[in-house]
Amino acid sequence: MRTSNNLIGLVNFITFLLSIPILGGGIWLSNRANSTDCMRFLQWPLIVIGISIMVVSLAGFAGACYGNKFLMWLYLFVMFFVIAALIGFIIFAYAVTDKGSGRFVMNRRYLDYYLGDYSGWLKDRVTDDGYWGQIRSCVRDSGVCRKMGRRLHGVPETPLMFNFRRLSPIESGCCKPPTECGYTYVNETVWIPGGDMIGPNPDCMLWNNDQRLLCYQCSSCKAGVLGSLKESWRKVSVINIVVLIILVIFYVIAYAAYRNVKRMDNDEPAGEARMTKSHPSHFEI
């Protein structure tokens, strides 16, 4: 019995450690929500799951140390639903970020982002007029566009150097006009018309060199926010999948150890069939 308790305690301790990357992923999303992605509700399910795993693991660890079967049972019962919630979050994260990505632009290293490439719940959430006002203010106040400026030995970045920069989705969508508009580069956030506009893209008329406006009202900016959210969620989901696999493995081990503890409490030797116990042989003396 002591061996089974030690095994359950070890499993709970490892499970507690596994809650740290989940909680860390939620905190990382929270930091990005305040500075880059500007979606302030997406991180909370992950933080709640991480804290739940941490608390339940401590309860299970205490149960194993003190031989409290109720705490061990509580760990198994609650952890089942926590694992189910984590699976649901991973599926949700992939489902709402399934469509949409940046488009390659000729002679450019960065990608351009178009709102029409995205669809589904997340797009509807971001493009909602009331909600977008908050996101737009958040992106502007984060200073992401202001921080784009670069100098090489005191010399401002040239158009050629800018064309071969790897821009984030928000930098590409919100801080410059779409490439198809044909604007001429002055600096990272100042562009002047370079002739006739190319294509019917309405964002070409929305671009403004006023640093408080830029392309924050453009559809490309909304697409850039969606692209940034997709990158963030996919990074966190990869970690969650790895943690989930390990959690399931250790959950099965903990369940088997708990069953062994119950069997030994009932004085049932491991491997003895239940039928033998309930119907003893007539030849037994």
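This report looks at a nonpolar surface patch, the aromatic pairs and the charges over rings in the structure above.

The model is predicted, so a local feature needs pLDDT of at least 70 and a side-chain atom pair counts only at pLDDT 80 or more, while totals for chains, interfaces and linings use all residues. Residues are numbered from 1 along each chain as its sequence is written, and side-chain values use heavy atoms, with hydrogens and water left out.

**The nonpolar patch**

Let us start on the surface. Leu7, Leu10, Phe13, Leu17, Ile20, Phe61, Ile241, Ile245, Ile249 and Ile253 make a nonpolar patch of about 830 Å². Two elements, α1 (2–35) and α9 (219–265), each give two or more residues to this patch. Helix α1 supplies the largest share, five residues. Helices here are DSSP runs (H or I, at least four residues), numbered from the N terminus. A patch takes residues with over 30% relative accessible area and no salt bridge, and joins nonpolar side chains (Val, Leu, Ile, Met, Phe, Trp, Tyr) within 5 Å. A salt bridge is a side-chain nitrogen of Lys or Arg within 4 Å of a carboxyl oxygen of Asp or Glu. Areas come from the Shrake-Rupley method with a 1.4 Å probe.

Ile253 lies in helix α9 and counts as partly exposed at 31% relative accessibility. On this scale, buried means under 20% relative accessible area, exposed over 50%, and partly exposed in between.

**Aromatic pairs**

Rings of Phe, Tyr and Trp (its six-membered ring) pair if their centres lie within 6.5 Å; planes under 30 degrees apart are stacked, over 60 edge-to-face, and the rest tilted. By this rule there are twelve aromatic pairs. Here are two of them:

| Pair | Centre to centre | Angle between planes | Type |
|---|---|---|---|
| Trp73 and Phe77 | 5.2 Å | 15° | stacked |
| Phe92 and Trp233 | 5.8 Å | 50° | tilted |

Trp73 and Phe77 both sit in helix α3 (residues 69–96), four residues apart, about one turn of the helix. Trp73 is partly exposed at 38%, and Phe77 is partly exposed at 42%. Both belong to one aromatic cluster formed by Phe70, Trp73, Phe77, Phe80 and Phe81.

What does the other pair tie together? Phe92 lies in helix α3 and Trp233 in helix α9, so this pair links parts that are 141 residues apart in sequence. Phe92 is partly exposed at 35%, whereas Trp233 is buried at 3%.

**Charges over rings**

A charge sits over a ring if NZ of Lys or CZ of Arg is within 6 Å of the ring centre and within 35 degrees of the ring normal. The charged end of Arg103 sits over the ring of Tyr114, 4.1 Å from its centre. Arg125 has its charged end over the ring of Tyr131, 4.4 Å from the centre.

Note on methods
Patch = residues over 30% accessible without salt bridge, like charges linked within 9 Å, V, L, I, M, F, W, Y side chains within 5 Å. Buried < 20%, exposed > 50% of the residue type's maximum accessible area, 1.4 Å probe, protein only.
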